[in-house]
Amino acid sequence: MGSEHIAPVRLYVTVFACLLALTALTTAVAFADLGRASTVIMLAIAVTKATLVALFFMHLWWSERLTRLVVGGALAWLLLLVGLTLADVLTRTVLG
Amino acid sequence: MAARAPTVHYLNVDYGVRSWLFTTDHKRIALLYLGTITILFVIGGIFAVLIRLELLTPAGDLVSADTYNKLFTMHGIVMLFFFLIPSIPAVLGNFLVPLMIGARDLAFPRLNLLSWYLFVLGAAVSLWAMLTGGVDTGWTFYTPYSTSASVTNVIPTAVGIFISGFSSMLTGLNFIVTIHKMRTKGLTWFRLPLFVWAHYATSIIIMLGTPVIAITLLLVALERGFHLGIFDPALGGDPLLFQHLFWFYSHPAVYIMILPGMGVVSELIACFARRPIFGYGFVAASSLMIAVLGFFVWGHHMFTSGQSAYTAFVFSFLSMLVAIPSAVKVFNWTATLYRGSIAWDSPMLYALGFIGLFTMGGLTGLFLACLGIDVHVHDTYFIVAHFHYIMVGGTIMAYLGGLHFWWPKITGRMYPETLAKAAGLIVFLGFNLTFFPQFILGYLGMPRRYYAYPPEFQALNVLSTAGASILGVGYLLPLCYLLWSLRYGPVASANPWGAAGLEWRTPSPPPTENFATPPVVVRDAYDLDGMADAPAEAALG
Amino acid sequence: MSFPLFPTAASTMATRVDALLFFLLGVTVFFVVLIATLILVFMVRYRRRAPGERPPAPRGSLPLEVGWTAVPLAIVMVIFFWGASIYASLRRPPDDALPIDVVGKQWMWKVQHLEGRREIDELHVPVGRPVKITMTSEDVIHGFYIPAFRIKQDAVPGRYTTTWFQATRPGTYDLFCSAYCGTLHSGMVGKVIAMPPRDYEAWLAGGAAVSAAEAGRRLFEASGCPSCHRPDGTGRGPSLVGLFGSRVALADGRSVVADEGYLRESILNPQAKIVAGYEPVMPTFQGLFSEEDLMQLIAYLKSLAAPAAAPGSAR
Amino acid sequence: MAELAPAVAHHFDDAEQQHEAATLGMWVFLATEVMFFGGLFTAYVAYRALYPGAFGHASNHLDVRLGTTNTAVLITSSLTMALAVRAAQVGAAPARIVRWLAATMALGSTFLAIKLFEYAHKFYEGLVPGPAFTYAGPDARQAELFFSLYFGMTGLHALHMVIGLGLLAWLVREARRGRFGRACHTPVENCGLYWHFVDIVWIFLFPLLYLVGRH
C-alpha cells in the first residue's frame, strides 16, 4: 500500500484549534454591525474552515490529482447550479 | 466449429434462483436488468397504446380526463425513469464495460447488485402508486400543481423515482471507478472503445445531476406531506425554482439517455463498415463536451415560464452550442462509411436508422433552443415529436441495434437475421409515421397533454395512431424472435461479426471471469489487426 | 373536415416567427437530405463485396473536423440572433399598448378590460393596435397560448407575467392553456375575437360596467387605504399619486421601479420593501383580495399617475 | 461505500488497485452528496436574495449558543475521527482505534441530542412550518419559508449524522475483531471521509441559518 500519507498528530490538533478559533470569530462577526460585509466575511470564514477540513482531515493535501479533480468538479457544478438559478431570480424584473 | 465441447460460462456455471438473486457477476446483473426493463417497457408501451387510442378522436371518449392525465404521466415516468435511463447503461453497459476494458468485473460488484435491487424497489413503489390510484402531475411534477392541487399518489411515485435515482448513481459510480482504475494492461484512454467513452461521459452526468432531482422530488414530497413550503407561492416561494432544480437534472438526463446510444452506434458502424471510426478523438471528446455543455442549457425548457429575459438569452445561446458536438458525431459517422466495407446486417440497419432519426431529432432541437420559435412551439406536440425522435428514434433504435449486435455474445445464440431486418424496417417506418405528423400538429398549435382537441387536428392524429400500431408490431417482433433464439437459435461463435474489441476475444457467452488470462492491448480501438494476435478460440484453452 | 397543415398567421409577430421557421426548415431539410443521401449512397457504393474485404483505415482530417464544427456553429449563431431578436421584441411591449388583465384559474381564463368589461374564456381585442396582457394565476401554473399569434406565456401564481401582440386580421382564433393544469386542462380553451377598432369600441361600450380603475378605487376606499395613503403625503403611508412607473427609494438603501409586481408585493407583503422614511406599520392584505381585486387596485393606482409623466418613463 | 473484503477481492489485481478504487469511489460519492445538498443551498440562496429582511428576523429565533456549541462539538468529532483513521493507518492496537471511534460516536450523539432539543423547542414555539406555524414577527410567510429551509437542511444533515453513527458502530464492531491495521484500513478512511463531509456541510449551515441579521 503506502499510497497514503500519515499526518502527525500535532497537525491535526493545530487544524482543530484553527477551526475552533474561526468558529468563535464567525460568531463575533455576526454580532458586530458590519452591514452587508458580515455575510461575505462569514462565508469566507466558512470556506476557510471547509478547506482546512478537506485538506488535512480528509487528506486532500496529499491525494492524487484525480481526487482533486473530483472535488473541483463537484464545486464547479454547485456554483453552476446556484449561479445560473440566481441569475434568473435576480434579473426577472429588469426587462419587460 | 464442430462438436463443440460443453464449456463452462457465466450462464451455466451455476443454476437456480439463488444463483441469480445473489450474483455479483456484472453479466448476470445485466441480464437481471434486461428482464426488468423489458417488463417495464411493455407496461409503458401499454400506456402509450391507450394514449394513442384516446387521441384517435377529438372528443374525449375512450377514458375519462383524469384517467388520460394519469396515463400520460405514468407513460412518461415509466419510460424515462424506469426504461430509458437504465436501458443501455444498466444492460449493455453493465455487460460490456468490464469486457471492453479487459476487467474481470466492475469495481464494486456488490454495489452493482444493490443497484438492481434498488431499481426493482423503486419501480415497485412507483408501480404500486400507479395501481392504487395513479398519479396525474405529468412526469415533470411541476409545482404548485404537484404540491397542492393534485389529489393523486404524488408522494409514493416521487419516492419510487428517488429510490431508483440511487440505483442509477451506483451504476454511474461503478462505471467511473472501473474505467479509471480497472483498465487492462496497455489500454490507454485513447485506445478505449467509444462505447466506453460514452458511458464514462454518461456516468459523469449521472453523478452530478441525479442528486439534484433526488433532493427536488424529496422537497416536493416534504411540501405535500409535511407542509415544508419550499416552492409554495403563498409563502413567497417560487414555482420557477422548482423548474430550475428539476431541469438541472432532467435536461442532462436526455444526454444520459442518448450518449450511451451514440456509443453503441459508434461500435456498430466501426464493425459493419470494417474500419475505425473517422476522427476517433473528436468523437470521444464530443461525448465529454455533450456531458459538460449539457448542464449549461436547462433554462431552454423555461423560455415561456416567466424566467428573466436575460437568462433566456444566455440559455438559448448555450443551447445552440450543445448542437455542435452532436453534429460532429453525425458527420464523423457518415465519413466512416466512406470507402468502408459495409455489411447490411440487422444491427447496422438499426445504426443507420439511428443516424437519420437522430439528425431529425437534433435539428428540430434547434427550433426549441431558438427563442423566437420556442415561444410558439413550447408545450405543443412539436416538443413531443422532437423528444420522441431523440429518445425513441435515437435511444431505442440504438438499444435494439446493440441488443442484436451483442446478443450472440450475451446468449451464445444467433437470432433469425431476415426477421431482424424486417423488424428494423417496420420500426423505422412505424416510428416516422407516428411522430412526424406530430411536428405539424405542434406547429399548428395543438398543446401537449390534451385529452380532447379541436376537430381540425384529427387527421394528423389518426395518422399518428396508425403509425403507432405499426411501431408496436415492430417492437413485438424482436421480443418474440429473440426469446425464440434462446432455445432454437444457431450457436454463435466467439466473434460472429468479425469485430475488433476485447469482448469478442473471449468465448460466447464469456466465462464468469471474462478472460482466461488478462488481455494485453497493443493497438488502437477498432484495429482489426489486433484480432490476429489473439484468436478468440485460443482463449478456450 | 378541414385538414390544415399550417396555422393561420394573424399577428405582427406571426409573420416574423414564420419567416424564421422557414429558414430553420431549410436548414433541417438540407442536412437531413445531405446525411440521408450520403448514407444511402455509401451503403450501396461501398457495400461489402467479399467476406474478407479489408478497407483502408481512415486517416482523419483536421480541416474536415474544423469545417464541420465551424459551419454548424455559424448556422446556429444566425439562428440564435434571429430568434433572440424576435424574443426581445416579445418581452418588451410597446409603451402605447392597450393593457388587458387576465387571470387563469382551474379551468378558465378570466379577462378584465380596463374600461370595465369582463369576460370568461373569450378575449375581444382590436385589430391593428398592440395589446399587452398582464396575467397571473389563482392556483396552479397555466399557459396563455394563442397559436395564430405565435405567442405563449405562462401565468404563474404569486406574480405577474406579461406578453403582447398586435392582431393583423379580424377573426376568431383559438386560445389554449398550454401548461398542464389538471383534470380539465384540455377544456381550458377559449376564443380570441379580433375586431376592427370601431367594432371593438362599440363592444367595450356595450358592457356598461364600471372601469377597472373605478372598481379599484371603490375597493381602495372600502378597505380603508386612504386613511394612511393620503394624496398629499401627510399620512402614515406614502402618497400613491404618480407612484406607478416611478423609482422608489427604500429604507434599506436600495431602490426599485414601482411596476405591477412591486405594487402587488407591497399590498400582500408590505414589510418586504419599506419606502424610505416610513415605518413598517402596514398590515398584510394576503387572503383579503382576490387576484382580480388586486388587478383592479393596481389599475386604480396606475390611473393616479401624474398627468405630466411621460409614458414609459419607467424605463 | 466500499467493498469490504479484507483480502484482495477476486476482480482486483492487487491491494493497491483495490484501495485506489475504493477511495475514488468514496470521493465520487461525496461529489454526489455536494449536489444533493446543493439543491437546498440553491433554494436558500435564491430566497435569501429575495427576502433578506424576513430571513434576518426569522434567523433571530434560532438559538446561537446551541448552534455554536454544536459547531464546536462537530468539529471536535472530526478531530477524533481523523485520529481514529490515523490509528488504523499506523496499525495501532484495536483498543485505540475503538477508543477514538467511540469518542466520535459520543460527540456525534451529543450533536444530535442538542439538535433534538432545539427541534422540540421550535415545536413549542410554533415555528414548525404548516398549520401550527404561529410566528409573531413581520413577514410571517417568508419566515415560514426560512423555517422550511431550516428544517429541510438541518433535518437532512441530521439524517446524514444518523447514517454516520450507524457506520461508526459497524466500524467499532469490526475494529474490535481486529480487522483494521496497516494492511486494511480503507473502510475506516472512507467512513472518515464521509464524517468530515457531514462536518463541512454543518460549517456552512451554521452561519447561513443561525447568524443572519444578528447585529
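Predicted model: local features only at pLDDT ≥ 70, side-chain atom pairs only at ≥ 80, totals over all residues.
Colleague: How do I read the overall form of chain C?

Modeller: Start with secondary structure: helices (H or I, at least four residues) and strands (E, at least two) are DSSP runs, numbered from the N terminus. Chain C has 6 helices and 12 strands. For the 315 residues of chain C the rule gives 20 Å, but the radius is 27 Å, well over that, so chain C is more spread out than a compact globule. Its C-alpha trace spans about 95 × 55 × 40 Å along the principal axes.

Colleague: Which domains is chain C divided into?

Modeller: Domain bounds come from an automatic or database domain assignment. For chain C that gives domain 1 (8-40 + 62-209) and domain 2 (212-303). Their centres, taken over C-alpha atoms, are 31 Å apart. Between them, 11 residues of domain 1 of chain C are in contact with 8 residues of domain 2. On the domain 1 side, β1 (98-105), β2 (108-113) and β5 (131-137) of chain C are the elements that give two or more residues.

Colleague: How many residues of chain B are in contact with chain C?

Modeller: 76 residues of chain B are in contact with 75 residues of chain C. On the chain B side, α10(B) gives the largest share, 16 residues. For classes, Ala, Val, Leu, Ile, Met, Phe, Trp, Tyr, Cys and Pro count as nonpolar, Asp, Glu, Lys and Arg as charged, and the others, Gly among them, as polar. That side of chain B then has 49 nonpolar, 20 polar and 7 charged residues.

Colleague: What about chain D, how many helices and strands?

Modeller: Chain D comes to 6 helices and 0 strands. To check a helix, take its expected span as 1.5 Å times one less than its number of residues. Helix α4 of chain D (residues 94-125) has 32 residues and should span 46 Å; its end C-alpha atoms are 46 Å apart, which agrees. After α4(D) comes D:G126, with a positive phi near 75°.

Colleague: Which residues of α4(D) are buried?

Modeller: A residue is buried if 20 or more other C-beta atoms lie within 10 Å of its own, exposed if 12 or fewer, and partly exposed in between, with C-beta atoms placed from the backbone. An α-helix has 3.6 residues a turn, so residues three or four places apart point the same way. In α4(D) the buried set includes D:I97, D:W100, D:L101, D:T104 and D:G108. The buried residues of α4(D) pack against α3 (64-89), α5 (140-176) and α6 (186-210) of chain D. Across chain D, buried residues make up 56% of the 215 residues.

Notes:
Residues numbered from 1 in each chain as written. Chains lettered and ligands numbered in written order. Contact = placed C-beta atoms within 7 Å. Rg over C-alpha atoms; globule rule 2.2 N^0.38 Å.
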